[in-house]
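Keep the sequence and the 3D view open as you read.

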Amino acid sequence: MEIWLGRLVVDLIRELGLGNAQLANTTSSMDFVKGVRGLFDEEIESSLSQLDTLDQLAVSLHNIQRQLDLSINNVALTRSLDVRIAVTPGRLVFGIPELATRTFPQISGLTFAYLLDEFENLSEDQQRYVNTLVREKQLPTTFVIGSRQFGLRTQETLSAGEENKQGSEFDLVVLEDAYRTSDKYYHSFCERIIRKRLDAAGVDVYRPERLDAYFSKPLGGVSGLEERARIHVSECLGDQDERPWIIRLKDQLLQWSPGQDIGKIIEEVRFPSSPLHEKFAVLLVYRSWADGNDPLREARQFRFRIEALANGARVGDDLATTYKHYRGDLYAQLVSQLRRPQEYHGIDDFVLMSGYLPRNLLVLLKQVTRWSLFLGEHPFRGELISSKAQTEGVREASNWFLSDSKGLGRIGEETELAVRRLGGLFRDMRFADKPVEVSCSSFSTDRRGLTDRAIAVLDNAVSHSLILKVPTGRRERNTHVLQHKYQLNPMLAPLFDLSVARRGTANFTPEQLVALFDPSVDAEHFIAERTRLLARLNAPFSTPTPQPALDFSE
Amino acid sequence: MTMDYSLLRIDQYQATELEALPEWDIFISAYNESQRVITVFDSVRAQRKEWVIHPEYDFEDGELPKTGVVRVLHTRDEAEFWHDYFSEADFHNLPRDSRICVDVTGFMRPHLMLLPRMLRLLGFAQLDIVYSDPREYQSGEKTQFSKGAVTEVRQIRGFEGTHLPSGDEDLLVIGAGYDDDLIRRVSEDKRAARKLMMFGLPSLQPHMYEENRLRAARAEEAVGPLPARSLLFAPANNPFATAQELHDKIQQLRSTGFTNLYFSPLGTKAQALGFALYYLCECVGSSASVVFPFAEYYTRETSIGLARVWCYRVELDWLNV
């Protein structure tokens, strides 16, 4: 690398014309070449001693590099390495820029910045070497290093094993964090990217004021989840068909609570003209059942207040707040129970899904556009992109994201398994009879009680952005211990039928987190742990639990 | 430079004609559970017949073949693999005009690619290579070849070039196989490079071309757009035609220029051999490398049946090593 970087600087100086024919005979050029020769501890190439010009120097360095490459490339075949290290590490990397600024007045005072991209492609040993250069850097040289988050394998150096410290030897800029500081700015940044791309493709991007105008809305733009729920039901069920959630409740009561007056309970929860409120009434019956209360009595008590809600009256109590928080998930359950795909539509959803990475947004839009074309539509050319194209496109993008992000090695496979377990569990929780957390796609933990392997997989998922670390954790309500908070990347939401918004946070026990993240936990044990968790959320709610106070704090 | 790989000899044998295969002094095959590998080994006549066991197939002792000499290699490094094998099989003392034949069907691609170079360095002048076509793959386009994680993407030993600082003009030529994850990995490793993709056409069986395209399409996001001029085609079971196609295309691209050249043969073993021949004849010492996504394990049986056997005569003195 020493020779490689040295060559780059020499080539740059030649490109700047500092060694051109008119200057070749000046002292500057010859002094520079002589100075570079002097940086070597010994001359490993005979032509080094005869160099006068920059061109000759460049050729000589190229030859040294080539000889080194050939020797190294043949080691595996010959099992011998014949290489002589003729320069102390750092002498060329720092020395050539220093010489250049001292020798050529035209670039005096300039800083040389080495830009090293795709740092993740270097091995740990190679990164140690670069870290050492960063630690020992000398003016006028600096470094800008680009890497995927998972690619920073070590901060160790070759300087007695010292580690570089953020804020001291280097500053770290995580692009997602920079974007996350302002949702509004990130949204508008994404819009500008999209408009620019569409403009380059010849689309008139300035006529629609909002990019959302290119995308059709669910059910032709019907506003309100309640109305959309009504339309879904009318399209999927005949007038005489029983609604699936009613059937389910009936069957469960028959099986687990046959002593109840099931017919009367069902009558109290029916809201034929508002399926979403009906779902809400069913949820309240489940909560009542789980609490060990009398579901028929409570259903009667709730009914008139739900009726008022359904009629649009202002009902200023806990019930209205509860409905407001749960209606999104209840709608998702309704759609699922009618065997319709979950709805992911429009720029706002897509920007949220991108997880603060514009690249994800572009891939998502690309997939949506491709599906639109496949369906015979004319996206961005006067025809709206259909719901189907959007739904199928986001699912493709979600699949792509999981396989693209999982990383190399066995830990990559283990991380994918953990993410699938976690996503599947969030889905089961969302579609349970009695979900507790609203639109849950996050969890918090103080990381205590987790096995080393579980922590390794969790951290790997975070470094590969499959799971996002929420910058501000929260303090546990009772102990005030700071909890680390993690969110399943919203790009994965469609894969598991989750909401793209971050709302409720699950409190998994250490045992549950180990089951999720430790790859040594086999499928049988994971399923057992999952079943235990879900037993609280699905009839017959095997362990009656007092309903916790709703907590929607972020 | 003009190269004509069609001058190299190919012979074809139907599944019912295996007794017509030539006789060799030493026949080497990499054991797996495919019928085509076992049938060819059993049918071939040679003074020495040797099984090589790759650690990637993860065989237990009780699962090893009972016929022939069995050499279990424990290293995954392709250069050390051959060093160890040559040492165990006493290759250094073999007469240099020995008739050597290798069935590459079960070999890992990096290992089969390196073998001609290693034999040339030992002083051998000729090598016969056998490859057998399956009737079909076990699960069609859903057939899983590599198993487990891809552990690294790196240059294959003996196929490392002397590169220039890369820019936008790097080229990556991918030999597309069914393993879309491998295509994805290598494409991601050379993110900035312009991609060309070679498909086996004619394919080993007529339906396999479509299966191949379907699988390769899954890696589309990593590969990027592939206009028609970025597609190459060569018969999936003809390494010489593969080498010729590479030669012709690269010659054509030299006029527009590129900085560094990378190859990654992820298709059939015959295709991989073609890439190896092209590289060893024309690219050694240049700014070209073969990069490969190394997976932990490979499925032991992916194919059904044996359609035909090909025998390629590789003239090792053609190699520029």
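Helices (H or I, at least four residues) and strands (E, at least two) are DSSP runs, numbered from the N terminus. What you're looking at is a predicted model, where local features need pLDDT of at least 70, side-chain atom pairs count only at pLDDT 80 or more, and totals for chains, interfaces and linings use all residues. Residues are numbered from 1 along each chain as its sequence is written, chains are lettered from A and ligands numbered from 1 in the order in which they are written, and side-chain values use heavy atoms, leaving out hydrogens and water.

**A sheet in chain B**

Chain B has an open, mixed sheet of 7 strands, running β1-β15-β6-β5-β2-β3-β4. At its edges stand β1 (10–14) and β4 (69–72) of chain B, and each has a single partner strand, so one side of each has no neighbour in the sheet. On average, neighbouring strands are turned by 25 degrees against each other, direction ignored. Look at β3 (residues 45–53) of chain B: this strand pairs with β4(B) in the parallel sense over 4 bridges.

**Two helices in chain A**

How do α2 (residues 27–39) and α4 (residues 91–103) of chain A cross? Their axes come within 10 Å and cross at roughly 160 degrees (axes are lines fitted to C-alpha atoms, for helices over the stretch in contact, and angles run from 0 to 180 degrees between N-to-C directions). That makes α2(A) and α4(A) roughly antiparallel, a label for angles over 145 degrees.

**A buried glutamine**

Q333(A) sits in helix α13 (residues 318–337) of chain A. Q333(A) is buried, with a relative accessible area of 7%; buried means under 20%, exposed over 50%, and partly exposed in between (1.4 Å probe, protein chains only). Leaving aside neighbours within four places in sequence, Q333(A) is in contact (heavy atoms within 4.5 Å) with K279(A), R430(A), F431(A), A432(A) and P435(A).

| Cis peptide bond | Omega |
|---|---|
| L139(A) and P140(A) | about 10 degrees |
| A539(A) and P540(A) | about 10 degrees |

P140(A) lies in the loop between α5 (124–135) and β2 (141–145) of chain A. In chain B, D90(B) has a positive phi near 55 degrees despite not being glycine, and D90(B) counts as partly exposed at 39% relative accessibility.

How values were computed. Pairing = 2+ DSSP bridges. Parallel < 35°, antiparallel > 145°, perpendicular 65-115°, else oblique.
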